[in-house]
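Take a look at the structure below. We will walk through some of its strands, then turn to the ligand.

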Amino acid sequence: MNILLIGFMGSGKSTIGRKLAKLLEYSFVDTDSVIEEDQGCSVAEIFKYGGEECFRKMETRLLQKLKNVENSVIATGGGIVLREQNQRLLQEIGKRVYLKVPQEELQKRLKNDRNRPLLKKKDPETVVQKMMKERVLLYKQAEYIVDAGQRSPQKIASEIINKLCNEDHDNNF
Ligand code: S3P
């Protein structure tokens, strides 16, 4: 079985994903990092020279490859849910867990971010607000929804394991 962590930038997908993989003795995959390694440059550079669409195509190609992995925790980029094709692929690959963080908390975490290309705007707060509005329903399609607001990565990872063990689905019965 694979577990896919989805959610907005700054929701802790990579940190929690690493912890979760360790607890389960699963492999850990971070889609942004795999793309960066494959391309030999950063996500920011891909956005700068190829544009967002180019990056989104890379995400889709990577998801197609990930259909073959097993026993992996996969931390995804926050925008991976935007393509319908990706939503189907995510569903095929494994169980989706949405790491839900209140918007005010995300704003705080992302306030001084210098790396994420989509936040390099004059008014990042409004950008976050607008993007959350566009994406929240897509994230909520996940089989499991976990509150990732204030608790430690360890606690959140344990809750994910409990939910998966109890098949305590929040969605898609
Ligand atoms: C993006 C999120 C980023 C990265 C890229 C685009 C997004 O990943 O994939 O900058 O559209 O939300 P994180 O969610 O890991 O920051």
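Start with strand 1, residues 3–6, and strand 4, residues 95–100. In this predicted model, the two strands pair in the parallel sense, and four bridges link them. You can pick out a facing pair of residues here: isoleucine 6 stands opposite tyrosine 98 of strand 4.

Now stay with strand 4 and look for another partner. Strand 5 covers residues 144–147. Strand 4 and strand 5 run parallel, and four bridges join them. Find lysine 100 next. Its bridge partner in strand 5 is aspartate 147.

Next, move to the ligand. Where does the ligand sit? It is found in the largest pocket. How many residues surround the ligand? There are 14, and the closest are Lys13, Asp32, Arg56, Arg116 and Arg135.

What kinds of residues make up this shell? Six are nonpolar, three are polar and five are charged. Helix 3 spans 43–50 and helix 4 spans 52–66. Each of these helices supplies at least two residues of the shell around the ligand.

Begin with lysine 13: a polar atom of its side chain lies 2.6 Å from a ligand oxygen. Arginine 56 also takes part, with an N or O atom of its side chain 2.7 Å from an oxygen atom of the ligand. For arginine 135, a polar side-chain atom is 2.7 Å from an oxygen atom of the ligand. How much of the ligand does the protein bury? Taken alone, the ligand exposes 390 Å², and the protein buries 94% of that.

Notes:
Residues numbered from 1 in each chain as written. Predicted model: local features only at pLDDT ≥ 70, side-chain atom pairs only at ≥ 80, totals over all residues. Heavy atoms only, no water. Near = heavy atom within 4 Å. Polar contact = N/O pair within 3.5 Å; in protein donor to acceptor, adjacent residues only side chain to side chain. Areas by Shrake-Rupley, 256 points an atom, 1.4 Å probe, with all protein chains shown as cover. 1 Å grid on protein atoms, 1.4 Å probe; cavity = no way out; pocket = protein on both sides within 12 Å on 5 of 7 lines; lining within 4 Å. Sits in = over half its atoms within 2 Å of the grid points. Nonpolar A, V, L, I, M, F, W, Y, C, P; charged D, E, K, R; others polar. Pairing = 2+ DSSP bridges.
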